[in-house]
Amino acid sequence: MTILETIIEELSSAPEALLLQVYNFIKVAKEEPNLPSNSSNLPRTAGLHQGEIWMSDDFNEPLPDEFWLGEEE
């Protein structure tokens, strides 16, 4: 069964108020320009945020046991 068929099956027994909410949600969501389906075809730009991110010098160091055990130092 496809996702569309599953949705239709679920909606067939839903109350009218819920159907209206779902319909309004779909209308708003389709207008959203940042949906993954709309932006996934855009090429990525390398170096767009260059210099805005840093990594600690001890990034690859193991974490202390207190971190994993939930104990305070």
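Let me start with Ile3, which sits in helix H1, residues 3-11. The model is a predicted one. Is Ile3 buried or exposed? Ile3 has a relative accessible area of 65%, and the cut-off for exposed is over 50%, so Ile3 counts as exposed. Ile3 also belongs to a nonpolar surface patch, together with Leu4, Ile7 and Ile8. That patch covers about 420 Å².

Now the whole chain. The protein has four helices and zero strands, and along the sequence the pattern reads α-α-α-α. How much of the protein is buried? Of its 73 residues, 1% are buried. The accessible surface is about 7600 Å², and carbon and sulfur atoms account for 58% of that.

Next, helix H2, residues 16-31. From the first C-alpha to the last, H2 reaches 23 Å over its 16 residues, which is close to the 22 Å expected at 1.5 Å a residue. How many of the residues in H2 are buried? The count is zero, and H2 is hardly covered.

On to the aromatic residues. One aromatic pair turns up in a search of the whole structure. The pair consists of Phe67 and Trp68, with ring centres 4.9 Å apart and planes at 90 degrees, so it is edge-to-face. Trp68 has a relative accessibility of 61% and therefore counts as exposed.

Last, confidence. The average pLDDT of the protein is 86, and 86% of the residues score at least 70.

Definitions and conventions. Residues are numbered from 1 along each chain as its sequence is written. This is a predicted model: local features need pLDDT of at least 70, side-chain atom pairs count only at pLDDT 80 or more; totals for chains, interfaces and linings use all residues. Side-chain values use heavy atoms; hydrogens and water are left out. Patches are made of residues with over 30% relative accessible area and no salt bridge: like charges are joined within 9 Å, nonpolar side chains (Val, Leu, Ile, Met, Phe, Trp, Tyr) within 5 Å. Accessible areas come from the Shrake-Rupley method with a 1.4 Å probe; for residues, only the protein chains shown count as cover. A salt bridge is a side-chain nitrogen of Lys or Arg within 4 Å of a carboxyl oxygen of Asp or Glu. Helices (H or I, at least four residues) and strands (E, at least two) are DSSP runs, numbered from the N terminus. Buried means under 20% relative accessible area, exposed over 50%, partly exposed in between (1.4 Å probe, protein chains only). pLDDT is the predictor's confidence in each residue, from 0 to 100. Rings of Phe, Tyr and Trp (its six-membered ring) pair if their centres lie within 6.5 Å; planes under 30 degrees apart count as stacked, over 60 as edge-to-face and the rest as tilted. The expected span of a helix is 1.5 Å times one less than its number of residues.
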